Every structure is written in C-alpha cells, then in structure tokens.
Amino acid sequence: DVNGVLTSDPRKVKKAFTIPKMTYEEAMEMSHFGAKVIYPPTLVPAMRKGIPLYIKNTFYPDFEGTYISAEHNPEGGAVKGISSVDEITLLTLSGGGLFGIPGIAARLFGALAKEGINIILITQGSSEHSISFAIHPRHTAKAKKKIEEEFQVELNTRSVDPIRVEESLAVVAIIGENMRYQPGIAGRMFQALGKNGINAVAIAQGSSELNISVVIERRDEAKALNALHE
C-alpha cells in the first residue's frame, strides 16, 4: 500500500519520497531499521541468486516503485534513506577492570545470547573502558540480571561499575552505499542534529560505511528524522 521503499517513514516525515533504485545491502539496512515494506528473509534468496526485485504498490500498479538489485551506482547520492527504531534501552558495561582483558565482549554477548536477547546496536570506544549496546525494552530487566550474574566477581571487587541503564531512547540511522566515497557525511549528520538541539547519546558505524546510527532521546525521534531528511 506504499509506492515502493520510501526515503523515510511517511507517517513521521511528510516529505518522504520513493527511492527509485537500491542495492540489496541498502534494502537490508533499511529493513533492519524499521522499513516495514521489506521483510529481510524474503530478500535473502533473491539476493543469493542475483534476482532483481521490484517493490510496487498494489493499488497503483503503474507507479514505477523501487528496483532492488546488485547494481551499484557510485555517481548517485550519498544517503539513500533514513530509518529509525523507535523504542530501545541502552545498557553500558564499564570500569577500569575491562581495559586490556581479552574475552570481555565474548562473555557479555554470550550471556545475552543464551537468553535469546537480540542486540540492535553495539558501540565501544578504543579505550576499552566501556561497551554499550541497545536492546528492546522488554528485555531490559532480564539482560541486566544476566550481566550481573556473569560479572559478579568483577562487580564485587569493583573492577566493573554497576550496569548503567538508559531508557526511552530511539536509534536513527542514515543509510547509503555511497557514503563511503564522500567525506563529511557524518559531520553533516551531527550538524543537522546539533542545530535542532538533539543530543547524540551513542554512535555506531561499521567499516563498510553503509550505515551511521545514532542513539537519541525517544521524544526527539520525529524531529531528528525530519531534520536529517531536510
């Protein structure tokens, strides 16, 4: 019931428009961050076989829609779409006892995996002093309990600080394969947020530069999406 994959959620961004062409990777990123028009498991078989897809509107079949394929156009715009996850909790494991100790991340994420807790975003500074990760709010109490059990010795000796929990947050992400070829995209993103008084609680970017994600206050989500889209 929508004209293909849009640049952002039309319920939150009135000026959102149809993306004419995307790569499989861009479509996957958009779907992970809330684009309901794409269901990732249906994309995978087509992606493996290199079969292009059209996302079209049932009610307006003549509208061109969005073409998804392996074709990448390095001349296109840097950012294809802006997506968000509107309800997350950020947990942080920190402390001087984490520095230079191998296996901390494995223990942390292993404990969460055993409980079937999905992690939406991870961020860690090069100082190794802290690891922050975003999860769905319904898992908050269980996640905190499991981490405290896993790091009980370190918590008792105070080499690890009490688990910090930040609630009522959202993730906003800009997505596009061409971001890797154009300097200053992250700068423009943070400038747009800063100008609108939106504070970045945490930041995550993969080495592929396909996605830059920012954790913000949930109340600022619509404002952030519109500021970035503009």
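1. Basis. Because the model is predicted, local features need pLDDT of at least 70 and side-chain atom pairs count only at pLDDT 80 or more, while totals for chains, interfaces and linings use all residues. Residues are numbered from 1 along each chain as its sequence is written, and side-chain values use heavy atoms, with hydrogens and water left out.

2. Main core. A nonpolar core is a set of buried Ala, Val, Leu, Ile, Met, Phe, Trp, Tyr and Cys residues joined through side-chain atoms within 4.5 Å. Buried means under 20% relative accessible area, exposed over 50%, and partly exposed in between (1.4 Å probe, protein chains only). The largest such core has 20 residues, and V172, I174, M189, L193, I216 and L228 touch the most other members. At least two residues come from each of β7 (164-175), α6 (185-195), β9 (211-217) and α7 (221-229). The largest share, 4 residues, is from α6. Helices (H or I, at least four residues) and strands (E, at least two) are DSSP runs, numbered from the N terminus.

3. Helix α6. Which residues of α6 are buried? They are I185, M189, A192 and L193. These residues cover an arc of only 95° around the axis, which puts them on the same side of α6; the arc is that of the directions from the helix axis to the C-beta atoms. They pack against β7, β9 and α7. After α6 comes G197, with a positive phi near 70°.

4. Helix α3. In α3 (residues 104-114) the buried residues are I104, L108, A111 and L112. Their arc is 95° seen down the axis, so they line one face of the helix. A106, A113 and K114 are exposed on the other side. The cover over the buried residues of α3 includes β4 (81-94), β6 (130-135) and α4 (140-150). Just after this helix, G116 has a positive phi of about 70°.

5. Surface patch. F59, Y60 and F63 form a nonpolar patch with about 380 Å² of accessible area together. Patches are made of residues with over 30% relative accessible area and no salt bridge; like charges are joined within 9 Å, nonpolar side chains (Val, Leu, Ile, Met, Phe, Trp, Tyr) within 5 Å. Areas come from the Shrake-Rupley method with a 1.4 Å probe, and for residues only the protein chains shown count as cover. F63 sits in the loop between β2 (53-55) and β3 (66-69).

6. Loop glycine. G77 lies in the loop between β3 and β4. Leaving aside neighbours within four places in sequence, G77 is in contact (heavy atoms within 4.5 Å) with N178 and Q182. The C-alpha atoms of G77 and Q182 are 9.5 Å apart, although 105 residues separate them along the chain.

7. Salt bridges. There are 13 in the whole structure; each is a side-chain nitrogen of Lys or Arg within 4 Å of a carboxyl oxygen of Asp or Glu. K12 pairs with D86, the closest N and O atoms being 3.8 Å apart. K12 is in the segment before β1 (21-23) and D86 in strand β4, 74 residues apart. E154 and R107 meet at 2.9 Å, N to O. E154, at 18% relative accessibility, counts as buried, whereas R107 is partly exposed at 27%.

8. Network. E115, K145, K146 and E149 are linked by salt bridges. E115 lies in the loop between α3 and β5 (121-124) and K146 in helix α4, so the pair ties together parts 31 residues apart in sequence.
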